[in-house]
Structure formats: C-alpha cells, structure tokens
Amino acid sequence: MASESVSVVFKIYCLTVMTLIAAAYTVALRYTRTVSSDLYFSTTAVCVTEIIKLLLSLGMLLRETGGLGRCRSAVVSHIFKSPVELLKLSVPSVVYAIQNNMAFVALSNLDAAVYQVTYQLKIPCTALCTVLMLSRSLSRLQWFSVFMLCGGVTLVQWTPPLSTKVQVEQNPFLGFVAIAVAVLCSGFAGVYFEKVLKSSDTSLWVRNIQMYLSGIVVTLIGVFMTDGAQVLEKGFFYGYTPWVCLVVFLASVGGMYTSVVVKYTDNIMKGFSAAAAIVLSTVASVVLFGLQITATFLTGALLVCVSIYLYGLPKQDTSRLQKPSADREDNGLQC
C-alpha cells in the first residue's frame with residue numbers, strides 16, 4: 001500500500017499516540033497483575049479485547065463502504081458465504097490468542113521495562129518468518145542489527161533488575177519463556193496475515209472481521225478450558241477495575257491504531273517509537289514498582305534501541321552505485 005502524503009506534524013502525532021499506548025499498556029497490565037487485590041481472569045480480558053476489536057472493525061468497514069447496505073453486503077459476501085476464508089484466518093486467530101495470553105503470563109513475572117526490552121525479539125522472529133514465508137532478503141546491516149538486538153536482550157535477562165515495591169511471588173524464567181512463545185507467535189501470525197492480505201484485494205477491515213470472529217470463538221474456548229469453573233462461580237468480569245478496563249481498551253485500540261501508523265510512517269520513525277516506549281516503561285517502572293536499574297540492563301536496553309534504529313534503515317540501492325563503474329568499463333573498451 002502506497003503511503004499517502006501527510007504532514008510531519010500528523011506523523012509525529014501518530015507516533016506519539018502509538019508510543020504512549022505501547023508504554024501505558026505494558027505498565028498498566030503489569031500493575032493489574034501485581035498490585036490489584038482481586039486478580040481478574042486474564043483469559044476473559046483477552047476475549048473482551050477481541051470483541052471490542054470486532055466492533056471497531058465493523059465501524060471502520062461501515063465508514064469505508066459508505067453505507068449500512070453496502071457494509072451488510074460485504075459482511076454477508078465475505079463472512080457468511082466464505083467459510084474457507086474464515087478457516088484461513090482462524091490460523092492467526094489461534095496464534096494471536098496464545099500470544100495475548102502469554103503477555104499476561106510474562107507481565108505477571110517480569111517487570112514492565114524488562115518485558116518491553118525483551119519483547120523486541122519479535123523483530124528477528126518476524127525477520128526470519130519474512131525470509132522463510134515471503135522469500136524476502138535482509139541486508140547485512142539488518143542481520144547485524146538482529147544479532148545486536150539478541151545480545152542486548154541477553155544482557156537484560158542475564159541479571160534482571162528487581163522491583164522493590166512488588167510483593168507477589170514471581171518466576172522470571174517462566175516470564176521469559178512466556179515472552180519467547182509470544183514473540184514466536186507474533187512473528188508467524190504477523191507474516192501469515194500479511195501474506196493473506198496480499199493474496200487478494202479484500203479490504204483490510206473485512207480481513208480483520210474474519211480474524212476477530214475466529215478469535216472470539218478461540219478465546220471463549222480458552223476461557224472455559226482454563227478458568228471455566230472459577231468463571232462460573234465468580235462471574236466473567238470478576239476482579240475488573242478501572243485499571244483492568246484501561247488495559248482492555250489499550251489492547252483493543254493499540255492493535256487497530258498500528259495499521260494507521262504503518263500506513264503513514266516509515267520503519268525509522270517506528271523504531272524511534274519503540275525506543276521511546278522502552279524509556280517510558282523504564283521510568284514508570286522505577287516510579288511505580290521501585291525498579292532497581294543495573295548497568296547490564298542499561299547496556300542491554302541501549303543495544304536494543306540502537307539495533308531497532310539500524311534495522312529500520314532503508315536498504316541501499318547498489319544498482320545505481322554499480323552502474324557508473326560499468327559505464328567506465330564500457331568507455332575503456334571503446335578507447
């Protein structure tokens with residue numbers, strides 16, 4: 001999709017909102033899993049998020065089609081009369097459901113700043129899936145940045161900083177395993193969804209609706225398989241507070257807003273946004289959770305931020321550099 005010409009102010013606005021959403025979501029989720037007294041069921045939060053995303057996508061499709069009748073025709077044609085397409089989109093639905101649940105497990109056992117840094121492993125995961133599934137290539141600089149990012153995450157995880165204000169029992173190893181599963185899911189599902197999008201001219205919002213419908217079914221099954229007895233006893237919305245509602249809202253809007261950012265910005269600006277989200281999450285963790293910053297954490301986080309920037313740099317067009325030299329060789333032969 002070609003990017004439309006927009007002002008620099010609008011691009012900065014988009015990235016500022018995306019940065020704030022990413023940082024606020026991580027910190028708020030961590031807060032609800034470690035500070036709240038009545039712990040809510042994370043599986044229900046993931047399910048509610050899928051429902052809100054579905055409603056938002058329906059609203060965007062209504063706006064895109066320009067009328068209720070056209071919107072209904074698109075839904076009937078692409079949803080109810082296309083079971084094969086629904087089945088195709090159920091693959092990323094299952095994977096994203098696993099990823100979202102793993103985020104809750106990870107932030108129950110790791111600080112928000114550590115999570116934010118480690119979660120950037122999704123970049124090499126996505127890069128690998130892109131090479132394998134879409135047959136794309138990476139430049140030497142991108143491969144270098146991938147290894148730099150992995151080194152930075154290793155430093156952060158080598159001696160994870162402690163949070164003095166968090167009293168709940170935590171398992172950092174379980175948290176890291178959860179992030180590992182989440183980034184694998186993120187890489188695969190993202191590239192798979194991109195491949196499906198580019199295989200036809202079907203609207204992005206129609207594809208989202210297909211995926212979220214499958215996601216609701218998958219997450220509902222997850223609710224009753226994991227927390228079924230307790231949900232029936234205490235209620236679906238047990239433990240929900242304004243903070244939990246904020247987490248659900250940020251998760252819902254964040255996924256939808258990403259498509260706007262992808263459309264109007266480039267990889268370099270998204271890299272700056274990811275680095276800024278890491279900084280904001282770190283500051284918030286120090287203030288709210290008493291995070292004790294270590295030298296290895298700072299070094300690792302810096303390496304991750306630099307690698308994100310390097311990975312987003314545009315590939316150099318070597319064909320134009322090679323052409324003059326080829327012309328000189330031709331001129332030499334003619335002399």
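## Terms and model

A nonpolar core is a set of buried Ala, Val, Leu, Ile, Met, Phe, Trp, Tyr and Cys residues joined through side-chain atoms within 4.5 Å. Buried means under 20% relative accessible area, exposed over 50%, and partly exposed in between (1.4 Å probe, protein chains only).

This is a predicted model: local features need pLDDT of at least 70, side-chain atom pairs count only at pLDDT 80 or more, and totals for chains, interfaces and linings use all residues. Residues are numbered from 1 along each chain as its sequence is written, and side-chain values use heavy atoms, leaving out hydrogens and water.

## The cores

The largest nonpolar core has 43 residues. Y25, F104, Y115, V117, L149, V304 and I308 have the most contacts inside it. Another core lies apart from it, with 17 residues, among them C71, V75, Y192 and I216.

Take V304. Not counting residues up to four places away in sequence, V304 touches V117, Q120, L149, G152, V153 and I278. Contact here means heavy atoms within 4.5 Å.

## Helix α7 and its cover

Helices (H or I, at least four residues) and strands (E, at least two) are DSSP runs, numbered from the N terminus. The expected span of a helix is 1.5 Å times one less than its number of residues. Helix α7 (residues 140-158) has 19 residues, so it should span 27 Å; its end C-alpha atoms are 27 Å apart, which agrees.

Buried residues in α7 include Q142, S145, L149, G152, V153, V156 and Q157. Their cover includes α5 (112-118), α6 (122-134), α8 (172-198) and α13 (295-312). T118 lies in helix α5. T118 counts as buried because its relative accessible area is 0%. Beyond neighbours within four places in sequence, T118 contacts V153, V156, Q157, F176 and I179.

## Annotated spans and α9

An unreviewed UniProt entry annotates "transmembrane region" at several spans, including 172-193, 205-225 and 272-291. UniProt positions follow the numbering used here, feature names are shortened, and annotations may be inferred rather than shown by experiment. In the model, residues 172-193 are 100% helix and 0% strand, with end C-alpha atoms 31 Å apart. Residues 272-291 are 90% helix and 0% strand, and their end C-alpha atoms are 23 Å apart.

Helix α9 (residues 204-226) has 23 residues. From first C-alpha to last, α9 reaches 32 Å, close to the expected 33 Å.

## Cysteines

C71 is buried because its relative accessibility is 7%. C305 is buried too, at 17%. A disulfide is a pair of cysteine sulfur atoms within 2.5 Å. By this rule, the count is zero.
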